[in-house]
Structure formats: C-alpha cells, structure tokens
Amino acid sequence: MNEDERLPLEQQITLVELVDRVLNKGVVLSGDVVLSVAGIDLVYVGLRVLLASVGTLERLNSNPAMTASAL
Amino acid sequence: MTLEATAIDARTGRYVFGVVTGGDAEAVAALPLEPVAGGAGVSLVREGPLAAIVSPVSLDEYDLETVHARVADVDWLERNVRAHENVLEQALHMAPVVPFRFCTVSPTEGDVRRLLSEHADELARVLERIRGKVELGVKAFFDRERLERKLAQAGLADDLSDAGPGRAYLLRRQRERELGGEVERFRSECAEQSHSHLSELADDSCLVALQPLELTGRDGEMLHNDAYIVRRGLASLEPAVAGLADRYREYGVSFELTGPWPPHNFVPRQLAAS
C-alpha cells in the first residue's frame with residue numbers, strides 16, 4: 001500500500017473503534033440459519049488492513065506479541 | 001416494501017444487521033437506512049414478537065472466501081463497517097436493538113424467520129435488558145515519560161529530604177530501578193480506580209482488550225479500555241470522566257469518552273435456543 005492510500009489519522013482512529021466493535025462484538029449465530037462468515041476472525045484481517053493503511057504493518061511483523069495483543 | 005414483492009433469485013441471501021422488537025419494526029422500517037455494499041435496500045423481517053433488520057445481498061458476494069478477500073480492501077472495509085454501524089445507530093435512536101456481528105448472512109428470508117423463532121426467548125430477554133440504554137466507551141492513554149518524571153519526583157522528594165550527597169546518589173540509582181515497577185503499579189491502580197468509579201454510574205461494564213500504540217495512532221500508550229451501558233447517554237459518564245481527567249492529568253494520563261454506541265459489548269456472543 002503506498003502513501004496515497006493511507007487514511008488520515010483521525011479517520012483511522014474512528015475506524016479502529018468501529019472495527020473493534022463491529023467485527024469483534026455483537027451476536028454470532030451458528031448453524032444452518034447463517035453462512036459461517038461472521039463466525040471467523042474477520043477482526044484479525046480487518047485490523048491488519050488498518051495497520052497497513054497507516055504503514056505500520058512492517059514494524060508489527062517484527063513484533064508478533066504486539067499484533068496478538070490487538071486481538 | 002415487503003421482500004416477497006421484490007424479485008429475488010436463489011443466490012440472494014439476507015445480511016442481518018440486528019434485531020428489534022416487532023412493536024418497533026414499523027418505526028425502524030420508516031428510517032432512511034442505507035444497505036451494505038451490493039445490498040438491495042434495507043427492510044424488516046418479522047417473526048412473532050421480533051423483527052430482524054436485513055438487506056438482500058448476493059450470496060456470491062458474501063460467502064466466506066469473498067468476504068475474507070474484501071475485508072483486506074480498506075475502502076470496502078470502511079464502507080461496510082460504517083454501513084453496518086449506521087443502520088444500527090439509526091435504529092438505536094428509535095428502539096432497543098441487538099447488534100449482530102459484521103457479515104452475518106442468512107441464506108434465505110425463511111432462515112431469518114427461523115433464527116428469530118429459534119432464539120425468540122433470549123432475544124426478547126436481551127432486548128428488555130438493553131431497553132432505553134446505550135453503550136459508552138472510555139479509554140485512557142498515558143505519556144510514559146511524563147509519568148516516570150512525576151513518579152520519580154514524588155519518590156525522591158521524600159527520600160532525599162534528610163540524605164547526604166553520597167546517600168542521595170545511591171538512592172537515586174535505586175529509584176531508577178524501582179521506577180519501572182511503579183509505572184506498572186500506577187497503570188493498574190489508575191485503570192482499576194477509574195473502572196470502579198465509572199462502574200458505579202453505569203448499569204453494567206466490561207473490560208475491552210487494550211489496543212497497541214501502533215493501532216490507536218496516539219502519542220500515548222493505552223492504559224484503560226472499558227465499555228459501559230448507561231441510561232442517559234454521554235451525560236451519564238461525562239462529568240465523572242472529566243473528574244478522572246483532572247485527577248490524573250499531572251501524571252500524564254488523558255481520558256477519552258466515545259459513544260453513544262449500540263450495545264455491541266453487552267449482548268451475548270452466542271444465543272441460547274428457545
């Protein structure tokens with residue numbers, strides 16, 4: 001991801017708040033009344049996308065403990 | 001608009017945002033709700049005393065693999081996360097709403113009805129419990145350098161008041177070693193006292209995982225991250241959070257109050273069968 005695609009800081013802060021709630025909380029249904037999409041750890045993917053969008057993914061890759069504590 | 005009146009092919013599922021009571025369905029259906037990406041409008045599916053807020057979406061667009069790939073696209077992620085939240089927040093203005101996890105998709109409208117009837121008792125109980133309440137978030141951040149300076153000053157002033165120069169040097173070295181532990185002790189005490197103070201003003205509270213520095217985009221490290229469910233919106237905690245900010249400012253701690261949110265943190269992850 002290049003510089004131009006990065007989110008402005010304030011927008012990123014709000015988005016982290018949202019992703020943390022919307023992808024990580026709420027009711028998760030199981031069984032055949034739903035597809036299994038929501039049950040998997042989308043928040044892991046989502047937060048990594050946001051990290052990449054502020055250009056810190058490389059730094060975090062060298063520090064796995066920090067990535068884990070975000071989840 | 002009823003979904004039955006719309007031509008929907010077999011590959012169309014229902015994205016489920018959340019659940020309200022049947023009594024609130026009409027008011028929520030009248031809101032100008034915007035669907036998630038690829039969604040064909042937002043409508044209510046009623047079953048018994050409950051109603052689900054749904055958007056018809058292509059099952060090909062919302063299957064596991066496609067969603068996994070799309071979530072990695074920051075524009076798609078942002079658009080859909082905001083769409084999901086906006087629907088819930090608008091509904092929240094009208095009625096209690098049980099938020100569902102992002103990208104909960106039922107294959108058919110019949111499946112939506114079935115999930116409402118299968119979990120009718122618990123959904124009704126949760127809706128009753130959250131009626132008239134909203135979720136607030138409280139985070140605290142601290143400036144490590146400032147906190148260390150403050151703690152170092154406080155300790156040294158006491159210790160050095162009656163020490164000679166040699167002893168003062170040794171005491172200073174000892175203080176440096178102790179400082180790391182004091183920072184940690186301060187962090188947990190500040191978090192614990194903030195939480196217990198704010199909990200008294202809320203109906204319920206829960207601890208949320210701390211976010212790392214890199215993710216928050218702040219100057220300071222996160223010290224405290226809690227969610228509260230309250231009856232009077234932001235005003236329920238605003239004065240108390242301002243009070244905590246005053247009390248801890250000299251230690252380099254700042255507080256942040258967010259919300260009102262739908263009660264994402266105060267609904268069960270799994271629903272019991274009725």
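**Reading the interfaces of a two-chain model**

Guide: In this predicted model, 47 residues of chain A are in contact with 56 residues of chain B, where contact means heavy atoms within 4.5 Å. Residues are numbered from 1 along each chain as its sequence is written, and chains are lettered from A, with ligands numbered from 1, in the order in which they are written. Local features need pLDDT of at least 70, side-chain atom pairs count only at pLDDT 80 or more, totals for chains, interfaces and linings use all residues, and side-chain values use heavy atoms, with hydrogens and water left out.

Visitor: What area is buried between chain A and chain B?

Guide: The size of an interface is often given as the accessible area lost when the parts come together. Buried area is here the accessible area (1.4 Å probe) that two parts lose on being put together, summed over both. Between chain A and chain B about 4500 Å² is buried, and carbon and sulfur atoms give 64% of that area. On the side of chain A, Arg21(A), Val27(A) and Val33(A) lose the most area to chain B, together 16% of what that side buries.

Visitor: How many salt bridges and how many polar contacts are counted between the two chains?

Guide: A salt bridge is a side-chain nitrogen of Lys or Arg within 4 Å of a carboxyl oxygen of Asp or Glu. The count between chain A and chain B is 3; one of them joins Arg114(B) to Asp32(A), with the closest N and O atoms 3.2 Å apart. A polar contact is a pair of N or O atoms within 3.5 Å; within protein, one must be able to donate a hydrogen and the other to accept it, and residues adjacent in sequence count only if both atoms are side-chain atoms. Across this interface the rule finds 14 residue pairs in polar contact, both residues at pLDDT 80 or more.

Visitor: Which elements of chain A give two or more residues to the side that touches chain B?

Guide: Helices (H or I, at least four residues) and strands (E, at least two) are DSSP runs, numbered from the N terminus. The elements in question are α1 (9-22), α2 (42-53), α3 (57-61) and α4 (64-69) of chain A. Of these, α1(A) gives the most, with 13 residues. By class, that side of chain A has 30 nonpolar, 11 polar and 6 charged residues; Ala, Val, Leu, Ile, Met, Phe, Trp, Tyr, Cys and Pro count as nonpolar, Asp, Glu, Lys and Arg as charged, and the others, Gly among them, as polar.

Visitor: Which domains does the assignment give for chain B, and what separates their centres?

Guide: Domain bounds come from an automatic or database domain assignment, which gives domain 1 (3-131) and domain 2 (134-265) in chain B. Their centres, taken over C-alpha atoms, are 38 Å apart. The area buried between these domains is about 610 Å², of which carbon and sulfur atoms give 75%. In domain 1 of chain B, Glu85(B), Leu92(B) and Pro99(B) lose the most area to domain 2, together 61% of what that side buries.

Visitor: Is Glu135(B) buried or exposed?

Guide: Buried means under 20% relative accessible area, exposed over 50%, and partly exposed in between (1.4 Å probe, protein chains only). Glu135(B) is buried, with a relative accessible area of 0%. Glu135(B) lies in strand β6 (residues 134-142) of chain B, and the side chain of Glu135(B) reaches the backbone nitrogen of His264(B) at 2.9 Å. Leaving aside neighbours within four places in sequence, the contacts of Glu135(B) include Arg21(A), Trp261(B) and Phe266(B).
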